[in-house]
Amino acid sequence: MKKYLRYIGPLLISAVFLLAVYLLYHKLKSYSIAQIRESLNQISSGRIALSLALMVVNYMILVGYDWLALKAIHKSLPLPRVGLVSFVGQAVSYNFGALLGGTSVRYRFYSAWGFSLSDIVRLVLMLAVTFWVGALGLCGVIFMVAPPIIPDELLVRMPLKDVRILGVILFAFACSYLALCFFIRKPVHIFGKEFVFPPPRIAIAQALVAGVDIVAAAACMYVLLPSDMGISFIDFLPSYLMAQVAVVLTHIPGGVGVFELVILHLT
């Protein structure tokens, strides 16, 4: 039985990918190739340059993930090395998924620099924690301050009709992590793994870095949207954030199909 369990994950990922491609096809089948090309040609070179500049800024922000993770596990490396592993790890992770690319790349780099397997596991776990704290906190704030308009077909299926209540819940999750970092200083065991909460200053920096990262990444895409769509950045940000979360949860390489489907459905 155990030898078949390892196939379940790839099969589920493949099924989600095929479903996303199928739904995306039905979403786009009303548009011709000529219409899509015309829309792409309407993107000015200035907006493309701005998007590229924001991409560079975003990759600089991403260095903070590894930098803070190293601080959290009480390790240190020269900044050029941190920047190298962050750039390569994030680039591979975005294209092939965190499990297939980013984690293995970091293992090769950090193990070559003398890190033990335990250190690398704790570091990768801290990277995931940083993303989720920032994503939940930012999503919670947006839902409370500027609740997005949810399509009627999705709103009917949601247990909560007021998105602001969901925002409070998500923000409370993020704040709970920060509170635990303030009050728990001893290691805790979660699913048999030892986890040490970082100092409060690092925890706060994690939330800020992840939040700024998501905003900068969303801005890269937002500046490429047609100006006549009438969508403000604060309206676009929740859609982008939910698309990113969907990609992370499905582990589909590059988020192909899933990311585009969520963006098209919510914007």
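Modeller: A salt bridge is a side-chain nitrogen of Lys or Arg within 4 Å of a carboxyl oxygen of Asp or Glu. This is a predicted model, in which local features need pLDDT of at least 70 and side-chain atom pairs count only at pLDDT 80 or more, whereas totals for chains, interfaces and linings use all residues. Residues are numbered from 1 along each chain as its sequence is written, and side-chain values use heavy atoms, with hydrogens and water left out.

Biologist: How many salt bridges does the structure hold?

Modeller: D66 is joined to R106, D119 to K75, and R122 to D119. The number of salt bridges in the structure is therefore three.

Biologist: Which parts of the chain does the salt bridge of D119 and K75 tie together?

Modeller: The closest N and O atoms of D119 and K75 are 3.4 Å apart. D119 lies in helix α7 and K75 in a loop, so the pair ties together parts that are 44 residues apart in sequence. Those parts are helix α7 and the loop between α4 and α5 (79-96).

Biologist: Which residues are linked in a network of salt bridges?

Modeller: R122 also forms a salt bridge with D119, again with a closest N to O distance of 3.4 Å, and R122 and D119 both lie in helix α7, three residues apart, about one turn of the helix. The network consists of K75, D119 and R122.

Biologist: Which element gives the largest share of the lining of the largest cavity?

Modeller: A cavity is a set of points on a 1 Å grid where a 1.4 Å probe fits but cannot get out, and lining residues have an atom within 4 Å of a point. A72, I73, R122, L125, M126, E194, F195 and V196 line the largest cavity. Two elements give two or more residues to that lining, α7 (117-145) and the strand β2 (193-195), a strand being a DSSP run of E with at least two residues. The largest share, three residues, comes from α7.

How values were computed: 1 Å grid on protein atoms, 1.4 Å probe; cavity = no way out; pocket = protein on both sides within 12 Å on 5 of 7 lines; lining within 4 Å. Helix = DSSP H or I, 4+ residues; strand = E, 2+ residues; numbered from the N terminus.
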